[in-house]
Amino acid sequence: MLNAPELIALRDANPVSLDDACRVADALDVPSRLLAVEARPSASSPTAGPIRRHVLVPVLAAAVLLAAVLVATPAWALVRDVLPFWGQPKAPQSVQVQFSSLNLGAPAGMSPRAVSGETREVSRFTFGGSTHTLWVAPAKNGGFCSLWLPGGGGGCSTSGKPLSTGALLRFGVPEWITGDAISTAISNVVIRFSNGTSVRPRIVWVSEPIDAGFFAYDVPQGRRTSRIHVTGIDAYDQSGTLVKYQTFH
Amino acid sequence: VAEHVDREDRFRRLCATHTAAVLAYALRRTSREDAADAVAETFLVAWRRLDEVDEQHALPWLYAVARRVLLSQRRSSLRQQAIAERVAAAEPSALPPSSEPSLLSRRLREALAGLSEKDREVLMLAAWEELSSREAAHVLGCSATAYRIRLHRARARLRAGLGYPETGSVRPPAPSARTEESPSC
């Protein structure tokens with residue numbers, strides 16, 4: 001059928017050959033993105049061995065108890081250490097002022113309305129050669145604002161975006177990465193490298209009213225090269241489904 | 001552990017064998033950035049459903065997934081679409097610059113533009129992905145007979161669009177009893 005003139009004309013006008021696709025795949029680093037999926041939880045679970053009858057009853061009882069707990073607890077809180085926001089140290093005046101400034105200059109109706117007086121110290125991370133304190137404040141418009149001080153950036157997440165990231169890029173290569181993930185949507189974050197490897201950064205989960213996790217990753221020196229560097233971040237929900245990703249090109 | 005290693009090996013083989021073809025499929029239908037996203041999404045589905053993938057006939061299966069991913073992308077918000085177009089406009093494709101379009105390619109482009117999306121897809125699967133009727137039907141989720149009928153009609157419309165003379169030699173495939181039961185393409 002392919003010898004029909006209209007199909008020959010169409011075949012000859014094929015805009016993308018396999019060679020073209022290979023070049024684009026290299027340019028966009030597609031292979032390492034694909035192989036990074038192996039860092040994700042497998043869909044198939046290991047085959048369970050036979051269950052002995054005498055352990056079945058206690059197991060069933062435990063399952064009933066667990067089900068009761070599951071009903072009463074948000075699912076994400078079960079598998080994480082969640083930092084109680086209100087129990088964290090309050091921010092000094094100098095930090096509160098910086099949060100107040102986040103509300104300034106926004107177009108009408110676009111201010112995050114950060115509650116600067118309720119800013120809390122959440123954690124400390126070392127990246128970029130120094131230790132940064134993560135300060136977080138709830139926002140009246142929903143969500144929260146966060147700042148990595150000194151000098152690590154930050155912003156407000158009031159739109160319910162499941163994943164927000166920031167990075168210091170030198171010659172296009174990330175040297176450190178910070179980010180936040182909404183607890184209800186995201187369970188796990190994976191940072192991908194150009195050589196197909198990946199790492200899971202430590203995430204500090206914070207309770208309501210923030211309901212989000214925060215991470216910072218100081219990229220090792222050996223992984224800041226043109227050959228090996230961070231190419232992206234993937235965020236997964238509890239079932240291992242990719243919810244959001246961010247690429248660095 | 002052995003099962004997991006085997007799974008990884010199968011997935012790596014799948015990627016090594018078919019990435020370029022799936023990416024080419026996506027690049028023929030959307031912008032570079034969206035194509036790369038669609039391929040990543042397609043292989044993520046493949047990783048999750050690896051047990052369903054028959055390695056001998058993986059490509060039509062991957063095309064079918066990629067097609068659904070692209071359709072889903074297209075259904076996303078107009079805002080995202082506008083951003084993708086701006087990116088594509090700002091960042092020229094990595095593809096080699098094409099030579100001055102010939103009269104034929106201009107006519108072909110116009111003729112293709114005059115077809116429905118379904119007709120275009122049927123023709124592209126035949127001419128660009130070079131799939132057999134059975135494989136293309138798998139991609140579109142219809143029977144091979146339904147695909148052949150669709151292709152026959154799409155070819156006739158393309159011929160008309162190109163201004164080619166009608167040919168009496170091309171006959172539509174004989175409809176079988178099963179055609180009525182088969183989902184249309």
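Hi everyone. Before we start, one definition: a residue counts as buried when its relative accessible area is under 20%. Please keep that cut-off in mind, because Arg155(B), at 5%, falls on the buried side of it. What we are looking at today is a predicted model.

So let's begin with confidence. Chain A averages a pLDDT of 77, and 78% of its residues score at least 70.

Now to the salt bridges. How many does the structure hold over all chains? There are 18. I'll walk you through a few.

Here is Arg155(B) again: its side chain meets that of Glu6(A) in a salt bridge, at 2.8 Å from N to O. This pair crosses between chains, going from helix α8 of chain B, residues 144–162, to helix α1 of chain A, residues 5–12. Is Glu6(A) buried or exposed? Glu6(A) is buried, with a relative accessible area of 1%.

The next pair sits within chain A. Arg192(A) forms a salt bridge with Asp234(A), and the closest N and O atoms are 2.8 Å apart. Arg192(A) belongs to strand β8, residues 188–193, while Asp234(A) belongs to strand β12, residues 230–236, so this pair ties together parts that are 42 residues apart in sequence. Both partners are buried: Arg192(A) has a relative accessible area of 1%, and Asp234(A) has 2%.

Let's also look at Asp218(A), which forms a salt bridge with Arg224(A), the closest N and O atoms being 3.5 Å apart. Asp218(A) counts as partly exposed, at 29% relative accessibility. Which residues join into one network with this pair? Through salt bridges that share partners, Arg170(A), Glu175(A), Asp218(A) and Arg224(A) are linked together.

On to chain B and its helices. Helix α6 of chain B, residues 117–127, packs with α8(B) at an angle of about 100°, and their axes are 9 Å apart. Angles of 65 to 115 degrees count as roughly perpendicular, so that is how α6(B) and α8(B) are arranged relative to each other. From α6(B), the residues in this contact include Val122(B), Leu123(B) and Ala126(B), and from α8(B) they include Tyr147(B), Leu151(B) and our friend Arg155(B). What kinds of residues make up the contact? They divide into 8 nonpolar, no polar and 5 charged.

Leu70(B) lies in helix α3, residues 58–75, and counts as buried at 3% relative accessibility. Leaving aside residues up to four places away in sequence, Leu70(B) touches Tyr25(B), Ala26(B), Arg29(B), Thr30(B) and Ala38(B). Take Arg29(B): it is 41 residues away from Leu70(B) along the chain, yet their C-alpha atoms are separated by 8.3 Å.

And where is Arg28(B)? You'll find Arg28(B) in the loop between α1 (2–27) and α2 (32–48) of chain B. Arg28(B) is buried, with a relative accessible area of 12%. With residues up to four places away again left out, Arg28(B) touches Asn14(A), Pro15(A) and Val16(A) from chain A, along with Trp128(B) and Glu129(B) from chain B.

Note on methods: Residues numbered from 1 in each chain as written. Chains lettered and ligands numbered in written order. Predicted model: local features only at pLDDT ≥ 70, side-chain atom pairs only at ≥ 80, totals over all residues. Heavy atoms only, no water. pLDDT = per-residue confidence, 0-100. Salt bridge = Lys/Arg side-chain N within 4 Å of Asp/Glu carboxyl O. Helix = DSSP H or I, 4+ residues; strand = E, 2+ residues; numbered from the N terminus. Buried < 20%, exposed > 50% of the residue type's maximum accessible area, 1.4 Å probe, protein only. Axes fitted to C-alpha atoms, helices over the stretch in contact; angles between N-to-C directions. Parallel < 35°, antiparallel > 145°, perpendicular 65-115°, else oblique. Contact = heavy atoms within 4.5 Å. Nonpolar A, V, L, I, M, F, W, Y, C, P; charged D, E, K, R; others polar.
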